Amino acid sequence: MPGLNEISLRPGAPDQYWLLLPIVLLPALGALVNGLFGSRLKRDTIHTLACAMVFTSFALSVVAFLQLAALPHEARHLTYRAYEWFTVTLPAAFGSAQDYRIPIDVAFRLDPLAATMLLVVTGVGSLIHLYSTGYMAHDESPGRFFSYMNLFTFAMLVLVLGESLPVMFVGWEGVGLCSYLLIGFWFDKDENAKAGMKAFIVNRIGDLGFLVGIFLLALSLGVLSFPEMEQVAAHAPTQLTKPAFDLSFSLFGWDIAWRPAIATIAAICLFVGAAGKSAQLPLYVWLPDAMAGPTPVSALIHAATMVTAGVYMVARMHFLFVLTASGMAVVAVTGALTAVFAATIALTQNDIKKVLAYSTVSQLGYMFVAVGVGAHVTGVFHVVTHAFFKACLFLGAGSVIVAMHHRQDIREMGGLKALMPRTRWTFLAATLAIAGFPFTSGFFSKDAILWHALARDSGRYGILPPILLTLLLAGAALTAFYMFRLYFLVFGGESRADEDTLAHIKESPSSMTLPLVVLGALSIAAGLLNPEALHALGLNVPLTFEGWLAPGIEEGVPAVGIAEMRKPFELPLVGASSVIALAAMGFAWIWYRRGPSAEAERLAARVPGLYALVLDKWRIDELYEATIVRSLRWLARAGHEAIDKLLIDGIMVHGVAGAVNLTGRVVRLVQTGRVQVYAMAMALGTLGILYKLAVPSTDFEARVDGRSVTVNAAEGAGYEYRWDFDGDGRWDTQFGAERRAEHRYRKAGRHEVRLEVRNAFTRSVGEHEVVVRPGRRRR
Amino acid sequence: MITLGHYLVLSVAIFTVGTIGFVVRRNLLVVLMSIELQLNAVNLALVAANRFHPASHAGQVTAFFIIAIAAAEAAVGLAIVVSFFRLRHTVRTDEADRMRH
């Protein structure tokens with residue numbers, strides 16, 4: 001096995017690419033100014049500042065992107081190393097010979113993958129900032145809102161551009177914090193504050209997995225920056241593929257062997273983190289509740305950018321995931337199950353934002369299937385198209401919500417297509433995209449995921465591709481159905497709003513509709529960046545996106561290839577997914593084009609138990625409440641009783657106070673308040689001191705050491721000492737103030753030591769003791 | 001011949017009378033008088049010692065200080081007795097326990 005030092009891990013001083021610094025720091029500056037002085041600034045100033053920062057960042061990102069694209073593709077990475085943060089020193093472990101020193105630098109790195117996310121984050125972020133100036137126009141604390149939004153952009157850019165896992169983790173936690181702050185932005189309503197806490201706590205569970213994964217990689221690789229880890233994975237994959245531990249044992253004659261590779265454990269740990277941030281089973285529960293935040297927040301954080309961070313991280317760590325077939329299978333299966341599961345819940349929801357939230361969870365599942373089968377480019381492409389159409393959907397929903405006076409129940413809407421034409425057309429465009437209407441962006445990206453789920457050669461799990469494909473096709477049908485149910489219930493048919501509301505419905509201002517138009521256009525057209533499905537039709541269009549990303553991601557590591565034997569299925573699959581999507585849309589049109597459907601109600605009435613279960617989101621929240629939350633509460637209560645109440649309150653506080661109190665009560669008995677009792681005590685005390693001074697006392701200890709004895713007499717005020725060491729009655733020393741004396745005996749045997757002590761009043765007292773000098777030892 | 005020892009025995013006797021009086025009598029005025037007895041017993045011991053060891057007159061000087069302090073103490077003590085009498089209409093020491101918790 002090659003040692004770590006044989007691989008060039010730390011390239012020489014890299015050329016600093018300064019442009020990354022303002023891209024990252026401008027939003028932070030905006031957050032700082034708006035956060036500190038927002039309450040004193042005028043609303044327009046706040047809006048201008050926040051938008052200017054993000055727009056400038058976006059413009060600089062475009063410049064950086066162009067400069068990156070101008071490089072030859074094997075040199076497409078630009079780094080800015082800000083400063084050395086700290087160095088971790090790890091003892092030799094996991095079979096390595098020497099200690100590791102892992103320098104953690106605050107460094108930003110732009111490569112095609114990061115550049116793609118950078119453009120999405122700053123681009124969509126800019127549009128949503130612009131939209132927010134309209135949506136939040138009447139909010140009471142615009143400074144706080146835009147400060148959080150800018151802070152989120154900053155943290156997301158740190159996450160995307162971070163050169164190493166620790167720096168990425170800083171951004172990861174930063175976006176989590178901003179998510180919490182923005183979900184609970186209207187914290188005066190209790191449920192909003194609770195939703196924020198729920199998001200934060202569920203994310204902590206995932207982050208624990210992420211942290212464990214980082215530690216495991218630090219221990220087994222000795223490096224944490226992405227290019228260095230990729231080098232180790234490429235040149236010394238045994239560092240990652242050797243077993244992390246060996247659990248082999250015999251049970252009733254069955255030999256059970258479990259030796260998971262380090263890569264498998266690390267990949268699953270990292271995926272737990274990704275599942276928390278990207279709302280996958282079983283940690284998805286926070287995302288629907290996160291809709292308590294303002295709608296632009298839902299669009300930016302909980303649809304377009306932050307929740308895709310998990311997918312981005314898995315794509316970033318592709319070199320780790322491709323080394324572990326079982327780790328990838330976990331990712332893909334979790335993604336597929338989430339995609340279908342969330343889609344079933346979305347079928348029955350009546351809150352416009354809840355439908356979109358479950359659809360986000362479902363779409364994130366598609367992305368995880370893609371990165372889980374090794375089609376990282378396809379997964380990231382769906383991240384991009386999803387950012388466009390889901391941001392458009394949420395912003396459209398926000399526009400509707402404003403018009404409906406902050407009512408979100410789709411049963412009270414309907415008939416908005418004539419009243420809000422721009423919102424309607426852009427919403428329709430995005431709905432077509434997410435439903436997979438042929439040749440929209442969502443069609444291309446989702447179809448590519450379906451195709452890769454089937455075609456990628458997923459190692460030893462040969463049965464997996466058909467299962468994944470079945471789940472994803474079912475999810476696609478459900479998606480098309482519930483999205484058009486939503487569209488028809490909101491925009492189609494007759495209005496079901498009360499007259500007062502109906503009279504005030506009007507199209508939103510242009511600051512809100514302009515982003516909608518841009519995003520709606522992108523939802524339709526962005527698919528042309530990577531129209532893989534057209535290849536199946538025999539059209540040889542360039543795959544721009546794949547040409548941009550694939551060299552960095554799918555070269556240099558043992559990628560998971562496309563199985564040749566499944567090639568003939570590509571064209572039928574395109575046809576099948578189109579037909580399924582169109583059929584589901586048609587079904588939704590038949591049922592819902594005139595508003596709430598009687599057929600759907602009859603169907604629900606036929607299986608009331610199942611309908612109630614799905615309407616209650618499969619009661620997963622209640623399940624967690626009954627198992628995890630309640631047991632944690634029990635633990636907390638036990639700790640409260642045992643530690644807080646008993647130990648701290650009972651013993652350390654009340655116990656100490658009680659002891660002092662009791663002592664006080666006893667001692668108080670002495671304090672009679674009669675001056676003559678005190679005088680008596682004083683007189684007696686004086687007498688005692690006088691007695692001690694007048695009458696000497698004595699004590700000494702003798703220590704025999706070979707031939708000599710050392711004596712040491714007790715101390716006293718004004719005492720003088722004299723010694724007789726041999727008990728013959730003659731004093732061997734004169735009176736002197738020295739307490740210590742030493743004497744050598746000529747003969748072995750018993751000797752009596754006598755001491756006389758004289759005090760200042762010339763009273764004296766004697767003391768004696770017998771010591772034994774040992775004889776010469778016989779050789 | 002009268003030696004220093006005779007003086008000291010007298011001094012100790014007077015001091016003991018003063019101490020016992022201070023501890024057992026309940027009349028504040030008598031208590032103050034007992035204190036004066038104690039101070040004068042000490043003064044007697046000091047001047048007697050000065051008489052037999054006159055080198056630096058330290059005994060005499062200290063005695064003068066004690067006389068001065070005794071005067072001040074008597075003034076303060078009597079003032080306290082007067083204000084205490086105004087408060088409680090008595091000069092008995094066992095009534096003087098208002099400072100007790």
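Modeller: Two residues are in contact if their C-beta atoms, placed from the backbone, lie within 7 Å. Keep that in mind as we go through this predicted model.

Colleague: Happy to. What share of the contacts in chain A between residues at least 6 apart in sequence join residues at least 24 apart?

Modeller: For chain A that share is 77%. In chain B, 51% of the contacts between residues at least 6 apart join residues at least 24 apart.

Colleague: Why is chain B described as more spread out than a compact globule?

Modeller: Start with its elements: chain B has three helices and zero strands, running α-α-α from the N terminus. Its radius of gyration is 17 Å, well over the 13 Å that the globule rule gives for 101 residues, so chain B is more spread out than a compact globule. Its C-alpha atoms fill a box of roughly 50 × 25 × 25 Å along the principal axes.

Colleague: What is the radius of gyration of chain A?

Modeller: Chain A has 39 Å, whereas a compact globule of 779 residues would have a value near 28 Å. The C-alpha trace of chain A spans about 130 × 75 × 60 Å along its principal axes. Chain A is also divided into domain 1 (15-615) and domain 2 (693-773), and the centres of these two domains, taken over C-alpha atoms, are 91 Å apart.

Colleague: Now the strands, please. In what order do the three strands of the open sheet in chain A run?

Modeller: Chain A has 28 helices and ten strands, and three of its strands form an open antiparallel sheet in the order 7-9-10. Strand 7 (720-724) and strand 10 (764-773) are at the edges with a single partner strand each, so one side of each has no neighbour in the sheet. From one strand to the next, the twist averages 20°.

Colleague: Over how many bridges do strand 9 and strand 10 of chain A pair?

Modeller: Strand 9 (residues 749-758) pairs with strand 10 over ten bridges, in the antiparallel sense.

Colleague: Last one: how many residues of chain B are in contact with chain A?

Modeller: Ten residues of chain B are in contact with ten of chain A. Sorted by class, the chain B side has four nonpolar, three polar and three charged residues.

Notes. Residues numbered from 1 in each chain as written. Chains lettered and ligands numbered in written order. Predicted model: local features only at pLDDT ≥ 70, side-chain atom pairs only at ≥ 80, totals over all residues. Nonpolar A, V, L, I, M, F, W, Y, C, P; charged D, E, K, R; others polar. Domains from an automatic or database assignment. Pairing = 2+ DSSP bridges. Helix = DSSP H or I, 4+ residues; strand = E, 2+ residues; numbered from the N terminus. Axes fitted to C-alpha atoms, helices over the stretch in contact; angles between N-to-C directions. Rg over C-alpha atoms; globule rule 2.2 N^0.38 Å.
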